[in-house]
Amino acid sequence: MEMWFSQLHTANVKLNVRIDRQLFSGESEFQRIDVFESEDLGKFVVLDGDIVFSDRDEFIYDEMVTHVPMAVHPNVKKVLIIGGGDGGVAKELLNYSSIESIDVVESDKMFVDVCRDIFPEISSGLDDERVTVYYRDGLRFLRNKSNEYDLIINDSTDPFGHTEGLFTKEFYGSCYKALKEDGVMVYQHGSPFYGEDQMACRSMHRKVYRSFPISRVYQAHIPTCPSGYWLFGFASKKYHPLNDFRAQWWNEQKIPTRYYTTNLHRGSFMLPKYVEDLLEEEE
């Protein structure tokens, strides 16, 4: 008997993946967590019915939220990751010897435990001595932080459910306050293609654009994301992602990647016309 996992991208569009077996299923106090294994995606995590990452494409997301800001900001020492319980972003950041500490704030301990058990090669990023994991609500964690971080990466899943508070005007204002005077924030901006997703993109861009003096959007192709097309936000108090881009420096670091390159860095900020239009409308 064949088994299939189905994810609705809209009421009329569905992604189907044939699965070999189910590795985990459980309900935490925050969400339902499922892990499946398939021939084409390898192991993949599903939260409340939506694929979060898979063996085959997690590197794209992790590299793009990490190396884009690191290739711009010249002196990142202290980093905050909101979400990131799988450890992938932390693992990517550990390529930089200049980073002294990484705080990971993840509300769902079950999610962390599942990733440690089933994805040890990814979650190994949580075991480094520079990394501290806090099982806290991200917005509450931020409220008493001021002038503390060089880089904040919002790695939470989406602007719905228990993470909805991480996509509010208060959250972005708290991030601004928690960053140092030249700090950078990077966040997942969602997919602009389908109607409901586009509205979330518009709302995020409007709030961040009004909170930071520099706000730009960049893109990547991630097969398991809705429409396979994903946006990220780059918000900064001082540094511009292209004007202050340190391509030569980054290439000299010889960091192994499978998606990110300095040429791709520049190209990722060149957006399709319909995306430019919707962002300009919100500005």
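Guide: Contact here means heavy atoms within 4.5 Å. Bear in mind that the model is a predicted one.

Visitor: Which residues does Leu93 touch, not counting residues up to four places away in sequence?

Guide: By that cut-off, Leu93 touches Thr66, Met70, Val79, Ile81, Ile99, Ile102, Leu151 and Ile153. Leu93 is also one of three residues, with Ile102 and Phe232, that touch the most other members of the largest nonpolar core, which has 41 residues. Helix 1 (residues 58-70) gives the most to this core, seven residues. Apart from it there's another core, of 20 residues, including Leu139, Cys175, Ala200 and Ala235.

Visitor: Why does Gly85 count as buried?

Guide: Buried means under 20% relative accessible area. Gly85 comes in at 1%, so it counts as buried. Gly85 sits in the loop between strand 7 (78-83) and helix 2 (88-93). Leaving aside neighbours within four places in sequence, Gly85 is in contact with Glu106, Phe111, Val112, Cys115 and Leu126.

Visitor: What puts the buried residues of helix 6 on the same side?

Guide: Those residues are Phe171, Tyr172, Ser174, Cys175 and Ala178, in a helix spanning residues 169-178. They cover an arc of only 160° around the axis, so they end up on the same side of helix 6. As for helices in general, an α-helix has 3.6 residues a turn, so residues three or four places apart point the same way.

Visitor: And what do the buried residues of helix 6 pack against?

Guide: They pack against strand 7, helix 5 (138-142), strand 10 (149-155), strand 11 (179-190) and helix 7 (195-211).

Note on methods: Residues are numbered from 1 along each chain as its sequence is written. This is a predicted model: local features need pLDDT of at least 70, side-chain atom pairs count only at pLDDT 80 or more; totals for chains, interfaces and linings use all residues. Side-chain values use heavy atoms; hydrogens and water are left out. Helices (H or I, at least four residues) and strands (E, at least two) are DSSP runs, numbered from the N terminus. Buried means under 20% relative accessible area, exposed over 50%, partly exposed in between (1.4 Å probe, protein chains only). The arc is that of the directions from the helix axis to the C-beta atoms. A nonpolar core is a set of buried Ala, Val, Leu, Ile, Met, Phe, Trp, Tyr and Cys residues joined through side-chain atoms within 4.5 Å.
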